[in-house]
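These are my notebook entries on a single chain. I set down what I looked up, topic by topic.

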Amino acid sequence: MKVFKITIYSFLISASLWSCIPSYSAYPKEYNHAKADFQKQKAFVVNKDLKKEFEILKHSDIYEIVEDSTNVSKITLHPMKTYTPPCGNPMIGSMITVGLLPSAFPYDIVYSYDVAENSATKNYQYKLQVYQSLWLFNIFRLGRTFSKQSGKALLGSYIASNK
């Protein structure tokens, strides 16, 4: 009987954790619909080994990323700094209600990179906001990954800073 109870409790805990499907959104909400309708500069990324940062830059669609480093701008990515609240309590409601109660968790990101063109280097730094939503019905929003939505936030910040 004791093994049966442990099995049932284990199943319920894992089901509650599995049912909270994450989805991400860029903030402000207008950034979710930002389009790169400008002339894209060709650029070579020097340090693609910073995978998260590189994926965000690719998804932002600000630059036309090329594989040949001759006669194009060179981008050097910096490690991003991510700030989250020190406590995960907003997510507990979603876990207890098996994903029926939505919750949101903010990510504040400092994203920066350098663009070297000819002999000049310019630093770009942006503060991005991305929210993670935990909810059972996020199953209908599966394509909203962290890197895609961070890319949207980067594109929106880039457009807003160049107005």
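**Entry 1**

I began with β6 (103–117) and β7 (120–135), which run antiparallel and are joined by 15 bridges. I worked on a predicted model, in which local features need pLDDT of at least 70 and side-chain atom pairs count only at pLDDT 80 or more, while totals for chains, interfaces and linings use all residues. Residues are numbered from 1 along each chain as its sequence is written, and side-chain values use heavy atoms, with hydrogens and water left out. I took strands (E, at least two residues) and helices (H or I, at least four) as DSSP runs numbered from the N terminus, and I called two strands paired if DSSP finds at least two bridges between them.

I looked up the partner of valine 115 and found lysine 122 in β7. In the hairpin of β6 and β7, two residues lie between the strands, and asparagine 118 takes a positive phi near 55°. I then turned to β1, which pairs with β7 in the antiparallel sense over seven bridges. Tyrosine 27 stands opposite glutamine 129 of β7.

**Entry 1: the core**

Which residues have the most contacts inside the largest nonpolar core? I found Leu57, Tyr63, Ile75, Tyr111 and Tyr113, in a core of 30 residues. Such a core is a set of buried Ala, Val, Leu, Ile, Met, Phe, Trp, Tyr and Cys residues joined through side-chain atoms within 4.5 Å. Strand β6 supplies the largest share of this core, six residues.

I listed the contacts (heavy atoms within 4.5 Å) of isoleucine 75, leaving aside neighbours within four places in sequence. Among its partners are Ala43, Phe44, Val45, Leu57, Tyr63 and Tyr113.

Is serine 133 buried or exposed? I recorded a relative accessible area of 15%, so serine 133 is buried; the classes are buried under 20%, exposed over 50% and partly exposed in between (1.4 Å probe, protein chains only). Serine 133 is in strand β7. Not counting residues up to four places away in sequence, serine 133 touches Ile21, Pro22, Ser23, Ser103, Ala104, Asn138 and Arg141.

I also noted a nonpolar surface patch of about 560 Å², made by Leu100, Phe137, Ile139, Phe140 and Leu142. Patches of this kind take residues with over 30% relative accessible area and no salt bridge, with nonpolar side chains (Val, Leu, Ile, Met, Phe, Trp, Tyr) joined within 5 Å. The areas come from the Shrake-Rupley method with a 1.4 Å probe. Phenylalanine 137 sits in the loop between β7 and α4 and is partly exposed at 39% relative accessibility.

**Entry 2: salt bridges**

I found three salt bridges, each a side-chain nitrogen of Lys or Arg within 4 Å of a carboxyl oxygen of Asp or Glu.

- Aspartate 61 pairs with lysine 40, the closest N and O atoms being 3.7 Å apart. This pair links distant parts of the chain, the loop between α2 and β3 and the loop between β1 and β2, 21 residues apart.
- Glutamate 67 pairs with lysine 48, the closest N and O atoms being 2.8 Å apart. Glutamate 67 lies in the loop between β3 and β4 and lysine 48 in the loop between β2 and α2, so the pair ties together parts 19 residues apart in sequence. Glutamate 67 is exposed at 62% relative accessibility.
- Glutamate 55 meets lysine 58 at 3.3 Å, N to O. I noted that these two are separated by about one helical turn, because they are three residues apart in helix α2.

Terms used. Patches are made of residues with over 30% relative accessible area and no salt bridge: like charges are joined within 9 Å, nonpolar side chains (Val, Leu, Ile, Met, Phe, Trp, Tyr) within 5 Å.
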